[in-house]
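Hi,

Here is the structure we talked about. My notes follow below it.

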Amino acid sequence: MLRLGGNLGDQVTLIAQWALLEAEEDELLLMQRSQYQEPAADKTIKGLVLAQSRTTENLSRDMAVAIKKALSNTGKR
């Protein structure tokens with residue numbers, strides 16, 4: 001993760017750079033830079049944390065899709 005930040009009552013930004021490596025052959029399958037933004041619902045710590053959680057959820061979902069696609073391309077499950 002490169003950056004996860006935001007201010008109360010404002011927008012949260014998550015910037016991450018990540019890669020998928022094939023372990024046996026030490027081959028780079030994918031390198032990705034992702035950026036997500038979510039508005040905080042209100043000016044509370046809870047609102048900020050929930051917005052951070054949503055950005056992390058979006059990153060996790062995109063990584064899962066990439067892993068599934070990479071596994072289907074290599075014939076592994």
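Which residue in β2 is the bridge partner of Gly 6? It is Val 12. Helices (H or I, at least four residues) and strands (E, at least two) are DSSP runs, numbered from the N terminus.

A word on the source. This is a predicted model: local features need pLDDT of at least 70, side-chain atom pairs count only at pLDDT 80 or more, and totals for chains, interfaces and linings use all residues. Residues are numbered from 1 along each chain as its sequence is written, and side-chain values use heavy atoms, with hydrogens and water left out.

The sheet

Three strands make an open sheet, in the order β1-β2-β3, with antiparallel pairing. Two strands pair if DSSP finds at least two bridges between them. The edge strands, β1 (3-6) and β3 (27-39), each pair on one side only. Four bridges join β1 to β2 (residues 11-22).

Arg 33 lies in β3. Arg 33 is exposed, at 53% relative accessible area. The classes are buried (under 20% relative accessible area), exposed (over 50%) and partly exposed (in between), with a 1.4 Å probe and protein chains only. Beyond its neighbours within four places in sequence, Arg 33 is in contact (heavy atoms within 4.5 Å) with Leu 2, Ile 15, Ala 16 and Gln 17. Arg 33 and Asp 62 are 29 residues apart in sequence, and their C-alpha atoms are 11 Å apart.

The helix

Thr 55 is found in helix α1 (residues 45-74). Thr 55 is buried, at 0% relative accessibility. Leaving out residues up to four places away in sequence, Thr 55 touches Leu 4, Val 12, Leu 14, Tyr 36, Gln 37 and Glu 38.

Ile 45 is also in α1. Ile 45 is exposed, with a relative accessible area of 56%.

Salt bridges

The whole structure holds two salt bridges. The criterion is a side-chain nitrogen of Lys or Arg within 4 Å of a carboxyl oxygen of Asp or Glu.

One joins Glu 38 to Arg 54, with the closest N and O atoms 3.0 Å apart. Glu 38 is in β3 and Arg 54 in α1, so the pair ties together parts 16 residues apart in sequence. Glu 38 is buried at 17%; Arg 54 is partly exposed at 30%.

Glu 57 pairs with Arg 61, the closest N and O atoms being 2.8 Å apart. These two are four residues apart in α1, so about one helical turn separates them. Glu 57 is partly exposed at 42%, and Arg 61 is partly exposed at 44%.

Best wishes
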